[in-house]
Amino acid sequence: MKDGKGLSEYLNTAGKKELADLFRYYCEPATAEKRAALSLWANELREKYYGSKVFFRGLIEFSNYCQNNCFYCGLQRSNSKAKRYRLTQEEIMECCRKGYKLGFRTFVLQSGEDAYFSDTLLCKIVSQIKELFADCAVTLACGERSYNSYKSLFKAGADRYLLRHETANEKHYALLHPSELSLSNRKKCLYNLKEIGYQVGAGFMVNSPGQSLETLAEDFIFLKEFKPHMIGVGPFIPHKDTVFADYYKPNSSRTLTVLSLLRIMLPKTLLPATTALGTVDEKGREKGLLAGANVLMPNLTPAKHRVDYSLYDQKLCTGWEAAEHLPDLARYLESLGFTPDFSRGDYIDFQTSTQRLT
Ligand code: SAH
């Protein structure tokens, strides 16, 4: 591929086999030259739409109770070793207050699938956040819910929703999830969210058990068709209390390549350099930003609960993760040529005011 434009066109038009071949070229092995070319093109496109900005979101992991049994996840309901917690509404507000003072204007409320947080309760929480912090965006990441539930939460003021599709291949989906969960419902949720008017995030784990270059190609094809506003990708990391405990020793390499390719395929996407990336590689987050990512999500969860939101082993909750270290982090990003941005950081083409009227 001679230039970024050519690659962008290719990614947007190629079929499954061609994409898998392209991934083979860039991933096996991922040489420094190939990576450098990808990063260069990815950064040009990020610059074009978002400049050198890195958007900050304050992450609040408000419950680790989960009724699902995703085989890869440490929070799965059958993990009796998980120490479960829920934040109260007041504790969530306290996290927001602290976050607001630190400068955050987006709060991401993430949880397991916890029925305790009924529509009524979650709507109350969302509307209180919007009341107290009117200039902030609220992003939810609480899993699969009904159309009406998503609609009520949107009416209560939620702006965005993150729901990774995990894999766009049916067989692969069934390898990662119990039979009561289906790819079709996952996708339906994503389309419902978009129809309601949310800015929507899809995404997947890189190197998840059973992932191949072909299933990765299907992920890209799905993302190209769905056109999410945000894409969450990070390396799969084994959790000791799951069936995939000894699956492999994770690294950042393929995730960095995937981040660049996603930026090139969908240049306007908001793309986080995830905690998982920072967990497998000390410099993972900066490498992620340099590969084309443009969002960071420091953790505002009360310190005593952070270790318990254990999706995978060794999950980071200090350093870059800890919102308390924000000023140092901002300075460091500037030294790398980035501009820390604490605005709401909406998707570039998103008209909040008109969408909200519907
Ligand atoms: N219940 C919510 C939030 C789940 S946790 C939901 O269903 O969306 C958020 C993401 O963490 C998941 O979508 C998954 O992609 C990721 N995750 C879970 N287990 C992981 C693991 N072992 N390694 C890396 N990422 C993992």
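Let's start at strand 1. Strand 1 and strand 8, residues 295–296, are joined by 2 bridges. The two strands run parallel. Look at Phe56: its opposite number in strand 8 is Leu296. One word of caution before I go on: this is a predicted model.

Strand 1 has another partner. Which strand is joined to strand 1 by 3 bridges? That is strand 9, residues 339–341. Strand 1 itself covers residues 53–56. Again, the two run parallel. Find Lys53 on your screen. Its bridge partner in strand 9 is Thr339. So much for strand 1.

Next, the open sheet. How many strands form it? There are 6. Read across, the order is 2-3-4-5-6-7. The pairing is parallel. Which strands sit at the edges? On one edge you have strand 2, residues 58–63. On the other you have strand 7, residues 230–235. Each of these edge strands pairs on one side only.

Strand 4 spans residues 137–141, and strand 5 spans residues 160–162. They run parallel, with 2 bridges between them.

Now the ligand. How many residues surround the ligand? The count is 17. The closest are Tyr72, Ser111, Arg164, Glu166 and Ile237. What classes make up the shell? It has 10 nonpolar residues, 4 polar and 3 charged.

Tyr72 comes in through its backbone: a polar backbone atom lies 3.0 Å from a nitrogen atom of the ligand. Ile237 also uses a polar backbone atom, and here the distance to a ligand nitrogen is 2.7 Å. Glu166 uses its side chain instead. An N or O atom there is 2.6 Å from an oxygen atom of the ligand. How much of the ligand does the protein cover? On its own, the ligand has 550 Å² of accessible area, and the protein covers 90% of that.

Now some helices. First, helix 3, residues 32–50, which holds Asn43. Is Asn43 buried or exposed? Its relative accessible area is 19%, and the cut-off for buried is under 20%. So Asn43 counts as buried. Gly292 is 249 residues away in sequence, yet the two C-alpha atoms are separated by 5.3 Å.

Second, helix 6, residues 147–155. Ser149 has its place here. Ser149 is buried too, because its relative accessible area is 2%. What does the Ser149 side chain contact? It makes a polar contact of 2.9 Å with the side chain of Arg145.

Third, helix 10, residues 253–265, where you find Ile264. With a relative accessible area of 0%, Ile264 is buried. Compare its position with Gly284. They are 20 residues apart in sequence. In space, C-alpha to C-alpha, they are 20 Å apart.

To recap: strand 1 is joined to strand 8 and to strand 9. Thanks, that's my tour.

Methods. Residues numbered from 1 in each chain as written. Predicted model: local features only at pLDDT ≥ 70, side-chain atom pairs only at ≥ 80, totals over all residues. Heavy atoms only, no water. Near = heavy atom within 4 Å. Polar contact = N/O pair within 3.5 Å; in protein donor to acceptor, adjacent residues only side chain to side chain. Areas by Shrake-Rupley, 256 points an atom, 1.4 Å probe, with all protein chains shown as cover. Nonpolar A, V, L, I, M, F, W, Y, C, P; charged D, E, K, R; others polar. Pairing = 2+ DSSP bridges. Helix = DSSP H or I, 4+ residues; strand = E, 2+ residues; numbered from the N terminus. Buried < 20%, exposed > 50% of the residue type's maximum accessible area, 1.4 Å probe, protein only.
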